[in-house]
Amino acid sequence: MTTIAGLARKGGVGVETIRYYQRRGLLPTPSRTGGAGRGSGIRQYGEQDLRRLRFIRKAQSAGFTLEQIGELLALDANEDRSRARTLAKERVVALDAKIMELRQARDALSRLAQDCAASTGPCPIITAFDSP
């Protein structure tokens, strides 16, 4: 068992990130233990919380949105393979579109850099971004 700070450290995130995931319903908020009175005591997090936090982070790295991650978390690993596969295919399509967009941006910037090196007068890079 660990505190929220310990969970954050082990998960490689900040405490506010954990609180944000809790507000979004991705991580449970454990009850306070110990203490005498309302709001006293410490929330304790276990290995299951760390596993869930790592799941969220890995899914984000794969490009899933928090909404999609919530859906993945709700799926049964044995029975909902079809939906998980559909979500993954949707992410692949979105990532392919983003890759194409980034390649186009890289190619355009590369052309501007070449034009800048080969020209005199106003810099083509700056004028390209300054034009309407």
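User: Is the crossing of α4 and α5 left-handed or right-handed?
Analyst: The crossing concerns α4 (residues 66-74) and α5 (residues 81-118), helices being DSSP runs of H or I with at least four residues, numbered from the N terminus. This is a predicted model in which local features need pLDDT of at least 70, side-chain atom pairs count only at pLDDT 80 or more, and totals for chains, interfaces and linings use all residues. Residues are numbered from 1 along each chain, and side-chain values use heavy atoms, without hydrogens and water. With the near helix turned anticlockwise from the far one by less than a right angle, the crossing of α4 and α5 is left-handed.

User: How are α4 and α5 oriented to each other?
Analyst: Their axes (lines fitted to C-alpha atoms over the stretch in contact, with angles from 0 to 180 degrees between N-to-C directions) come within 10 Å and cross at roughly 160 degrees. Angles over 145 degrees count as roughly antiparallel, and α4 and α5 are therefore roughly antiparallel.

User: How are α1 and α2 oriented to each other?
Analyst: α1 (residues 4-11) and α2 (residues 15-23) pack at about 100 degrees, with axes 8 Å apart. The range from 65 to 115 degrees counts as roughly perpendicular, so α1 and α2 are roughly perpendicular.

User: Which residues of α2 make the contact with α1?
Analyst: On the α1 side, the contact involves Ile4, Ala5, Leu7 and Ala8. The partners in α2 are Val15, Ile18, Arg19 and Gln22.

User: Which element gives the most to the lining of the largest pocket?
Analyst: A pocket is an open set of points on a 1 Å grid where a 1.4 Å probe fits, with protein on both sides within 12 Å along at least five of seven lines; lining residues have an atom within 4 Å of a point. Residues lining the largest pocket include Gln48, Phe55, Leu72 and Arg81. Two or more lining residues come from each of α3 (47-61), α4 and α5. The most, 4 residues, come from α3.

How values were computed: Angles under 35 degrees count as roughly parallel, over 145 as roughly antiparallel, 65 to 115 as roughly perpendicular and the rest as oblique. Contact means heavy atoms within 4.5 Å.
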